[in-house]
Amino acid sequence: DTPVHSLLHEAGHLIVLPPERRAAVHTDATDSVIEEDATCCLQIVLADELPGVGRTRLMADMDAWGYTFRLGSTQAWFERDAEDAKAWLAERNLPAA
């Protein structure tokens with residue numbers, strides 16, 4: 001019963017972590033704000049790869065679940081305030097848009 005957005009978020013943490021940290025993760029993947037933001041960004045991008053999901057549904061689910069962003073919604077954050085997270089992902093050759 002795990003929501004898709006939650007599954008993608010946790011998978012995103014494992015994807016963005018460097019290999020040396022990945023093996024040691026148990027419940028708290030990071031205390032880094034940029035790494036958390038990059039994970040949120042990545043989960044949105046990855047949603048487009050899942051049939052019947054896509055970023056629009058995923059962002060609505062994130063809002064309904066209680067994710068909070070400075071601009072009031074996940075979509076507003078992703079479209080107008082996530083440049084640093086997208087750059088962080090791009091620097092690591094991960095999908096960012």
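Guide: Start with a cut-off: an angle of 65 to 115 degrees between axes counts as roughly perpendicular. Keep in mind that the model is predicted. The helix is α3, residues 33–47. Its 15 residues should span 21 Å at 1.5 Å a residue, and the end C-alpha atoms are 21 Å apart, which agrees.

Next, burial. In α3, 12 of the 15 residues are buried, so the rest of the structure largely encloses this helix. The buried set includes Glu35 and Asp37, along with Gln43 and the run from Ile44 to Ala47. Five helices pack against the buried residues of α3: α1, α2, α4, α5 and α6.

Now the core. Nonpolar side chains tend to be buried together in soluble globular proteins. Here the largest nonpolar core has 23 residues. Ile44, Leu58, Trp77, Phe78 and Leu89 have the most contacts inside it. Two or more residues come from each of α1, α3, α4, α5 and α6. The largest share, eight residues, is from α3. Trp77 touches Asp37, Cys40, Cys41 and Ile44, among others.

α3 and α6 pack at about 85°, with axes 8 Å apart. The two are therefore roughly perpendicular to each other. On the α3 side, the contact uses Ile34, Glu35, Asp37, Ala38, Cys41 and Leu42. On the α6 side, it uses Asp84, Ala85, Lys86, Trp88 and Leu89. By class, this contact has seven nonpolar and four charged residues, with no polar ones.

Technical notes:
Residues are numbered from 1 along each chain as its sequence is written. This is a predicted model: local features need pLDDT of at least 70, side-chain atom pairs count only at pLDDT 80 or more; totals for chains, interfaces and linings use all residues. Side-chain values use heavy atoms; hydrogens and water are left out. Helices (H or I, at least four residues) and strands (E, at least two) are DSSP runs, numbered from the N terminus. The expected span of a helix is 1.5 Å times one less than its number of residues. Buried means under 20% relative accessible area, exposed over 50%, partly exposed in between (1.4 Å probe, protein chains only). Contact means heavy atoms within 4.5 Å. A nonpolar core is a set of buried Ala, Val, Leu, Ile, Met, Phe, Trp, Tyr and Cys residues joined through side-chain atoms within 4.5 Å. Axes are lines fitted to C-alpha atoms, for helices over the stretch in contact, and angles run from 0 to 180 degrees between N-to-C directions. Angles under 35 degrees count as roughly parallel, over 145 as roughly antiparallel, 65 to 115 as roughly perpendicular and the rest as oblique. Ala, Val, Leu, Ile, Met, Phe, Trp, Tyr, Cys and Pro count as nonpolar, Asp, Glu, Lys and Arg as charged, and the others, Gly among them, as polar. Lists of a residue's contacts leave out its neighbours within four places in sequence.
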